[in-house]
Amino acid sequence: MVSYIIRRLLQGVVVVFIITFFAFAILQAAPGDPIDLMLGEGNVQMSAEQRAAILHKWGMDRPWYEQYFTWLKNFVSGDLGESIVRRGSPVSGMIFSAAIPTLKLNLIAYVIAIIISIPAGMLAAIKRYSAYDSAVMVIASAGVALPVFWVALMSIIFFSLKLGWLPPFGSSGWKAYILPVLALSLNELALLTRMMRGTMLEVLEQDYVKTARSKGLSEYAVIVGHAVRNALLPIITILGVRAGFLISGSVVVESIFAWPGLGSLFLDSVNRFDFQVVQAIVVLLTVFVLLANILTDLLYAVIDPRIRLNK
């Protein structure tokens, strides 16, 4: 197990290195000049010497590979630097302030999706072809098909503008969480419900489940003791992958609801060509997804001891 964790962490380091390189290269090739943006796109007149002095101060007159390795070295040491565009603002402070609202929002949405989807999908499989099963599948299909941005906009129109029950944007108070959580969790909930129903149906047809029933075990003992545990294995794999998608997908939701999180900070930084912030967010999200995948694999082995991670 230890060797597996070390191997996966080393693979993760390689992936992070590749991601940082491509993120740096893309931002270097992007149109726009950070000096112009910093000084108001031509509103401030300066001589060629002044411009060269600014480029030298921020290290932008050096070759790209020197800039990249300097940035990577500082990043590994925990120094994310200072924003060029938002002068005087440390990147680490900006990301930390934005990460807390994002994590809170996504954690609530994720927990709600898991708590509802697993028993709903399991019950739909047990009551196959019943009215409950049909209703769950219709709702789940609609939840998968509806785009997140559409759900967010329609919920604002209905609950905020029509009924006036909930605030249309912002993050102050518990009511402000309801609509963003609804928009984020609906798609995940629908997807997980469909998956749980499908895997449960597959497991219920296995020989060991039929054998357990033939031994005279109660239906509760068959479902809980034999079927659920095996049906959860593919769900756990999906949970790890979807955790990364949920965080990255919150960019749209945060933008619509003016939520002060990583998504809003990322979009604002892209628009303002604040590439230090963009690079840092991309790398941090990559690390988060990798850690989520490693934890998923470990949970996989805990639930199913037949899996040998050290091989």
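Select Tyr129 to begin: Tyr129 is exposed, at 65% relative accessible area (exposed means over 50%, buried under 20% and partly exposed in between, with a 1.4 Å probe and protein chains only). Tyr129 sits in the loop between α5 and α6 (131-145). Although Tyr129 is not a glycine, its phi is positive, at about 70°.

The model is predicted: local features need pLDDT of at least 70, side-chain atom pairs count only at pLDDT 80 or more, and totals for chains, interfaces and linings use all residues. Residues are numbered from 1 along each chain as its sequence is written, and side-chain values use heavy atoms, with hydrogens and water left out.

Next, select Ala258, in the loop between α10 and α11 (262-271). Ala258 also has a positive phi, about 50°, without being a glycine. Its relative accessible area is 44%, which makes Ala258 partly exposed.

Now show the whole chain as a cartoon. The protein has 12 helices and zero strands; helices are DSSP runs of H or I with at least four residues, strands are runs of E with at least two, and both are numbered from the N terminus. Of the 311 residues, 40% are buried. Contacts (heavy atoms within 4.5 Å) between residues at least 6 apart in sequence join residues at least 24 apart in 74% of cases. The protein exposes about 16,900 Å², with 69% supplied by carbon and sulfur atoms; these areas come from the Shrake-Rupley method with a 1.4 Å probe, and for residues only the protein chains shown count as cover.

Centre on Met200. Apart from neighbours within four places in sequence, Met200 is in contact with Met122, Ala125, Ile223, Ala227, Val228 and Ala231.

Select Gly198 in helix α8. Gly198 is partly exposed, at 35% relative accessibility. A distance drawn from its C-alpha atom to that of Ala231, 33 residues apart along the chain, reads 8.8 Å.

Go on to Glu205, in the loop between α8 and α9. Glu205 is partly exposed, with 48% relative accessibility. With neighbours within four places in sequence left aside, its contacts are Arg128 and Lys210. The C-alpha atoms of Glu205 and Ala227, 22 residues apart along the chain, are 9.6 Å from each other.

How do α7 and α8 pack, by angle and axis distance? Their angle is about 145° and their axes are 9 Å apart; axes are lines fitted to C-alpha atoms over the stretch in contact, and angles run from 0 to 180 degrees between N-to-C directions. On the α7 side, select Val148, Val151, Ala152, Ser155, Ile156, Phe159 and Ser160; on the α8 side, Leu179, Leu182, Ala183, Leu186 and Asn187, which they meet. By class, this contact of α7 with α8 has nine nonpolar, three polar and no charged residues. Here Ala, Val, Leu, Ile, Met, Phe, Trp, Tyr, Cys and Pro count as nonpolar, Asp, Glu, Lys and Arg as charged, and the others, Gly among them, as polar.
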